[in-house]
Structure formats: C-alpha cells, structure tokens
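Work through the exercises below with the model open. Try each task before reading its solution.

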Amino acid sequence: MSDRTYIQIPGDRTHELPPLLIHGDAATNATQIQDVVNLAADIVESDDMLPSLPVEESVVEQRKYDLALQLAERYFGLVAHWQWGDSILEWIRQCEITFSAEETLRSLLHPDVWPHASRSSFVTLLADKAVPTHGVGLEKAVGLRLTFRQPPPIDCFSNQFLFYLNSTVADSAYQTWSHLTVEASVLLPPERFHFQVHELTQ
C-alpha cells in the first residue's frame with residue numbers, strides 16, 4: 001500500500017457510490033449443463049485432444065468425457081468472470097454520473113471518451129474494499145468484458161483458449177485499457193467511499 005498514490009479529496013466525509021449489482025444467470029439447469037458438455041465433447045473430438053493409445057474403447061470414452069467436463073467447467077468460469085466484468089463496467093458508468101453530480105468529486109475524473117482508462121481506479125477500489133468475488137479475478141473479469149461484448153458460446157473457443165489463453169488475453173486487455181492515459185495512475189482512497197454489493201440472478 002505504501003507505493004500507491006491516492007488522490008486528495010477535499011473534506012473528510014465519506015461519499016456514497018451506487019450499489020454494485022452483479023448480474024448473473026439463474027441456477028443453470030441440468031439440460032443447459034449437458035448441452036455445454038456435449039459441445040465441449042465436440043471440441044475434444046475435433047481438436048483430437050487424446051493420443052491414440054492401446055487401451056479399451058470404454059477407457060478412451062471416459063477420458064473424453066472427463067476432458068469435456070473440464071472444458072465445460074472452464075467455460076462456466078469464463079462466463080462468470082465475464083458477468084462480473086459486465087457488471088463492473090456498468091457500475092463504473094454509474095459512478096461517473098455520481099462524480100459528475102457532486103462538486104467535490106467532479107474534477108477527479110478526466111472527461112475523455114469511454115472507456116476511460118483512468119476509470120481503472122474503480123477496479124482497484126473494489127479490490128481495496130475487499131469485495132467478495134467468490135474466486136473471480138477483478139482484472140480478468142473486466143479484461144474479458146472489454147474483449148467480448150457478450151460471452152460467446154463454448155463452441156467458439158479452442159481447447160487451448162479455455163485451458164490456457166483466456167487469462168492471458170483478459171490480462172492483456174485490462175493492462176492495455178488501464179494504461180491508455182499518459183498520466184500517472186492515481187487511485188481513489190477506499191476509506192472515503194462506501195457502496196453496497198448485490199448479487200442478482202435473472
């Protein structure tokens with residue numbers, strides 16, 4: 001924390017920010033899960049993920065099914081990250097409105113074109129406030145949302161992307177976005193802001 005630079009906010013009152021509304025799908029039913037697993041099985045088959053080995057066909061099929069389950073699990077994790085990222089970017093927009101309406105806060109943000117690179121301070125604010133994310137990485141979540149306008153279906157992805165590349169792509173997108181301004185990064189002091197987090201299902 002000592003190497004961070006926090007912006008100076010006049011006064012000493014705590015500012016109320018809009019609630020962060022995490023939009024997610026309702027509990028996925030068995031049919032939806034099976035559909036994704038079936039598509040994942042197609043990826044396993046088309047990408048020829050298993051080498052030819054002198055083993056029984058039942059063993060090969062079980063290995064294919066296990067790989068399909070792993071791919072489906074990776075995909076559901078990617079979608080969860082995307083949903084968090086989508087919710088966070090919408091929350092940042094709401095925070096911009098709050099900042100523009102308060103004289104004390106209005107001058108803290110630069111009026112450039114969306115997406116505002118300086119707005120990555122809001123992502124850091126979420127981390128500083130220790131928002132419970134249930135294993136979702138905030139920067140990865142925002143990076144995925146910056147990359148994809150909506151979560152593509154699983155059959156759009158290669159097994160390499162689901163297993164290895166999505167974190168790299170998301171991290172690269174976030175780092176590029178957060179460093180678009182030439183100004184030094186200035187963060188929002190967490191003790192000066194308060195907001196609630198609500199997890200919603202559709």
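**Helix packing**

H2 and H4 are roughly perpendicular to each other. The model is a predicted one.

**Exercise 1.** Classify the crossing of H2 and H4 from the angle between their axes.

*Solution.* 
- Step 1: locate the helices. H2 covers residues 57-101 and H4 covers residues 120-128.
- Step 2: take the geometry. The two axes come within 10 Å and cross at roughly 105°.
- Step 3: apply the cut-off. Angles of 65 to 115 degrees count as roughly perpendicular, so H2 and H4 fall in that class.
- Step 4: list the residues that meet. H2 supplies Ile88, Trp91, Ile92, Cys95 and Phe99. H4 supplies Phe122, Val123, Leu125 and Leu126.

**Exercise 2.** Is Thr124 buried or exposed?

*Solution.* 
- Step 1: Thr124 sits in helix H4.
- Step 2: compare with the cut-off. Buried means under 20% relative accessible area. Thr124 has 19% relative accessibility, so Thr124 counts as buried.
- Step 3: find its contacts. Leaving out residues up to four places away in sequence, Thr124 touches Arg4 and Leu187.

**Exercise 3.** Describe the surroundings of Leu187.

*Solution.* 
- Step 1: Leu187 is in the loop between H6 and strand S3 (193-194).
- Step 2: check accessibility. Its relative accessible area is 9%, so Leu187 is buried.
- Step 3: collect the contacts beyond four places in sequence. Leu187 touches Arg4, Thr5, Tyr6 and Ile7, along with Ser121 and Thr124.
- Step 4: Leu187 and Val123 are 64 residues apart along the chain, and their C-alpha atoms are separated by 9.7 Å.

**Exercise 4.** Which phi values stand out at Ala130 and His134?

*Solution.* 
- Step 1: recall the background. Most residues other than glycine have a negative phi.
- Step 2: read the angles. Phi of Ala130 is near 55°, a positive value. Phi of His134 is also near 55° and positive.
- Step 3: Ala130 lies in the loop between H4 and helix H5 (138-147). His134 lies in the loop between H4 and H5.
- Step 4: check accessibility. Ala130 is exposed, at 61% relative accessible area. His134 is exposed, at 61%.

Note on methods. Residues numbered from 1 in each chain as written. Predicted model: local features only at pLDDT ≥ 70, side-chain atom pairs only at ≥ 80, totals over all residues. Heavy atoms only, no water. Helix = DSSP H or I, 4+ residues; strand = E, 2+ residues; numbered from the N terminus. Buried < 20%, exposed > 50% of the residue type's maximum accessible area, 1.4 Å probe, protein only. Contact = heavy atoms within 4.5 Å. Axes fitted to C-alpha atoms, helices over the stretch in contact; angles between N-to-C directions. Parallel < 35°, antiparallel > 145°, perpendicular 65-115°, else oblique.
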